[in-house]
Protein chains: 2
Amino acid sequence: MLPPKQNFSEWFHEIIQQAEIMDIRYPVKGLYVWCPFGFKLRQLVYSKLRELLDRDHDEVYFPALIPETELGKEGEHIKGFEDEVFWVTHGGLEPLDVKLALRPTSETAMYPIFKLWIRSHADLPLKVYQIVNTFRYETKHTRPLIRLREITSFKEAHTAHRNYEEAEEQVREAVKLYKEFYDFLAVPYLIFRRPDWDKFPGADYTIAFDTIMPDGRTLQIGTVHHLADNFAKTFDIKYETPDGGHAYVHQTCYGISERCIASLISIHGDDLGLILPFEVAPIQIVIIPILYKGKETQVEELSRRLFEKLKGYGYRVLLDDSDERPGAKYYKWELKGVPIRFEIGPKEAEKGDVVVSFRDEKKKFSISFDEVTKERIERWAEELKQRLRNRAIEMAKSKIGFFDDLDDLANWIERRGVGLIYLCGSTECGEVVEEKAKGSVLGMFEEIPDWLEGFEYRGRCIVCGEEGYLTGVAKTY
Amino acid sequence: MLPPKQNFSEWFHEIIQQAEIMDIRYPVKGLYVWCPFGFKLRQLVYSKLRELLDRDHDEVYFPALIPETELGKEGEHIKGFEDEVFWVTHGGLEPLDVKLALRPTSETAMYPIFKLWIRSHADLPLKVYQIVNTFRYETKHTRPLIRLREITSFKEAHTAHRNYEEAEEQVREAVKLYKEFYDFLAVPYLIFRRPDWDKFPGADYTIAFDTIMPDGRTLQIGTVHHLADNFAKTFDIKYETPDGGHAYVHQTCYGISERCIASLISIHGDDLGLILPFEVAPIQIVIIPILYKGKETQVEELSRRLFEKLKGYGYRVLLDDSDERPGAKYYKWELKGVPIRFEIGPKEAEKGDVVVSFRDEKKKFSISFDEVTKERIERWAEELKQRLRNRAIEMAKSKIGFFDDLDDLANWIERRGVGLIYLCGSTECGEVVEEKAKGSVLGMFEEIPDWLEGFEYRGRCIVCGEEGYLTGVAKTY
């Protein structure tokens, strides 16, 4: 049995194991094992991410080991990472001449090579991505999928452009891609421009996607960085302009990790287990024959026919004809988040009917075997996703409140979720807010979602009274 | 221009770069970058490998970092790897309490968890695999795809069974899978049982696939290990037998790395570049319009129609309507190994014909647009593969000779390839052979390929005259 989702932290801890997403018993802090079921979910989610990026990015692979000399070149960047880099210092029993960092992210692995790949304006834009393991020496409390020492599934894209504006255009493109990705997962997000003190080390600015977890804390599930020519200057990445001059490229990078799976699980799941959108469910449909003595044949036959039909449509379908009781089967497949369940008992078999139910709803209904068509299943899948999306948005809305008083703000983010305030954006006022509200300034809204109506973008700063912008504050993962 | 393939080492070095498989300019020895084109080839080859394994293995992911305490548990295993393990000793600026090894292979990461997964005979067989980066501190000459410090694409499968015999059955299954894989790539192989002194550290025995490279040295492109209960005893992996007793599992593991890509490139390529089987070619078909002034429209129209038709069939097709000369285009796509080329000039366009040629043949021929059907292309693809296979087998045969004199053997393996001898299998006689022939004993044939006729499996040992077995000797990569 799962703990109730209201106790979110325990629920998450348990569902990861009980639904066989990961095995958390690996004997090193912050490292976990992807189980077969979890890995299938990962593959399905990441194949969507690949599909989106493959539209106009090339997939590549750069080494996992970065020499200290390269990692240290960009001053801000290394300052941001030096406390959390794992260092390889020995090969066999010998010390290495140059220490090697396990990539915490790949700017400093890629950009020395970008310098070689980029010669002329005709080589731009350059857009590549890779899906790789990255490493962070996390000293805080670690947690599967959320805070890891080995991020096993980091999708990082890196692009180079002719100037600041074209890079900024790419930032907008990346934000659009990420919106499409999270809309596909029916996971709601808030898009903020991170305050200067919280941007990516070495970036000009950082746009971040945050989702609101059931306990009200936000989880950063994607970031898009405008790097301007900061790294280009460090790594000397120049191109020949059409008129024969030379200019530094402007760059962007943007990343999504397995936190996308954490959000998918956390936002949609319930007391019974996972609830997965149809497209990414490792098992999309389960068929459960209800057998009574003497009437097995008809039930088994119809179940088998339904199985073959659904398989023929190309779905990931499972016919559970094991010896367990139906109740035990319901429990098991609900835990695994199977979106559509068919039951067939003697009564149904006789009439050529099947009973349908959806993972997110209590009700059941009967339809005839012939009415089970590909079109109908696609429609059910779409309706399921729409319900998940609506439910998730309602949840998110219930956790967002507006405040013009810092004590009320503190109270809200302690108990509920994201507090919205007006903030001028100065570091001083930001510090006051973070201290008083005991939370993090997520940043100004980069765009206000459709579903969050009735907020003006501009107002008076809650601290100094100067002109301010609508800004999120929350406790964060 | 490529160096002639006869100078294999330079040819390989150059083709990797010129065909844009990898960028070899990464600033750490033994680490290379997969370029977009190379990475597509990798994905296509590995999706076949996944398809084969997915038949009855589950894909998983285990951490890349292994604590020293686990890695050191199996005595033989650690002895085999201690000189080539990269050690992570620091997180940030702090030394770690327990050093972490970058996985050289994952037995010691997986098996402590297998102990938890396996309770009863009903949990067996357990068959999982993962495709991951592994690390070896190579001190010898490194080389892209062949000898690496980061093996980026190690497919390692691990299985557990009830007893020695069932594990042995799995060894045979794995050998069959690997045969299917390399047959698919049209890469010929010799299958040896490695001599005891060269088996996998901790294994009962090792079966290896070797291919013969153009310079006559063999490249190990796959290994299958019977681990018996050696690791089970170390990691205490027991199961409850049907009669309520407890027994250790018996295990196997088997791996293939990106050396499969090295063999694919090396065996089939020629002086002009890559030659790729149709199924794994990132670009399967290229269409080159031959434009003459005033007659462009018809040519462009037919080219476009052909492109749409082939795309409609689902092929990876490219219409090269760039401004380069046709000769430059031929050169470029030959280098990239595109299997099928269509050319369309004004004469063809008028008649509704297209000119076809295949990457591995000089000849060209015309057929009508309508004759270009999916069936015909599939047949061409199959015929191409058959030609590649035949050519590769002829090459392999020309590099294999039988010897009953050690000086002749030494001479052969120095200049040509694999020498076959009879050997009793004792370490002493093996050492004599290795010393005199200046090569490695690859082992007894596990099975003699169909295409290698006329050899008896048994004969008198070339050293001691006792009963011996047909054994390969060669210089190896």
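Reader: Let's start where the two chains meet. How many bridges join strand E5 of chain A to E5(B), and do they run parallel or antiparallel?

Author: This is a predicted model, and in it five bridges join strand E5 (residues 86–91) of chain A to E5(B), in an antiparallel run. For one pair to look at, take Trp87(A), whose bridge partner in E5(B) is His90(B).

Reader: Now a strand inside one chain. Why is E11 of chain B called largely enclosed?

Author: Burial is judged by counting neighbours, and a residue is buried if 20 or more other C-beta atoms lie within 10 Å of its own. In strand E11 (residues 218–228) of chain B, 11 of the 11 residues are buried, so the strand is largely enclosed by the rest of the structure.

Reader: Which strands pair with E11(B)?

Author: Side chains in a regular strand alternate between the two faces of the sheet. As for partners, strand E10 (residues 205–212) of chain B is joined to E11(B) by eight bridges, antiparallel. Within that pairing, Thr206(B) stands opposite His225(B). The hairpin of E10(B) and E11(B) has five residues between the strands, and there Gly216(B) takes a positive phi near 90°. Strand E14 (residues 250–256) of chain B also pairs with E11(B), antiparallel over five bridges. There, Ala228(B) is opposite Gln251(B).

Reader: What about the sheet with E15 to E19 in chain B: in what order do the strands come?

Author: The order is E16-E15-E17-E18-E19 (chain B), five strands in an open sheet with mixed pairing. Strands E16 (317–319) and E19 (364–368) of chain B are at the edges with a single partner strand each, so one side of each has no neighbour in the sheet. On average, neighbouring strands of this sheet are turned by 25° against each other, ignoring direction. To see one pairing, look at strand E15 (residues 285–289) of chain B: three bridges join it to E16(B), and the two run parallel. Val286(B) has Leu318(B) as its bridge partner in E16(B).

Reader: Helices next. Which residues of H13 in chain A are buried?

Author: With a helix, look down the axis and check where the buried residues point. In helix H13 (residues 406–415) of chain A they are Leu409(A), Trp412(A) and Ile413(A). Down the axis of H13(A), these fall within an arc of 90°, so they line one face of the helix. Asp407(A) and Arg415(A), on the other side of H13(A), are exposed.

Reader: What do the buried residues of H13(A) pack against?

Author: Their partners in chain A are strand E20 (400–402), strand E21 (418–423), helix H14 (427–437) and strand E24 (467–474).

Definitions and conventions: Residues are numbered from 1 along each chain as its sequence is written. Chains are lettered from A and ligands numbered from 1 in the order in which they are written. This is a predicted model: local features need pLDDT of at least 70, side-chain atom pairs count only at pLDDT 80 or more; totals for chains, interfaces and linings use all residues. Two strands pair if DSSP finds at least two bridges between them. Helices (H or I, at least four residues) and strands (E, at least two) are DSSP runs, numbered from the N terminus. Axes are lines fitted to C-alpha atoms, for helices over the stretch in contact, and angles run from 0 to 180 degrees between N-to-C directions. A residue is buried if 20 or more other C-beta atoms lie within 10 Å of its own, exposed if 12 or fewer, and partly exposed in between; C-beta atoms are placed from the backbone. The arc is that of the directions from the helix axis to the C-beta atoms. Two residues are in contact if their C-beta atoms, placed from the backbone, lie within 7 Å.
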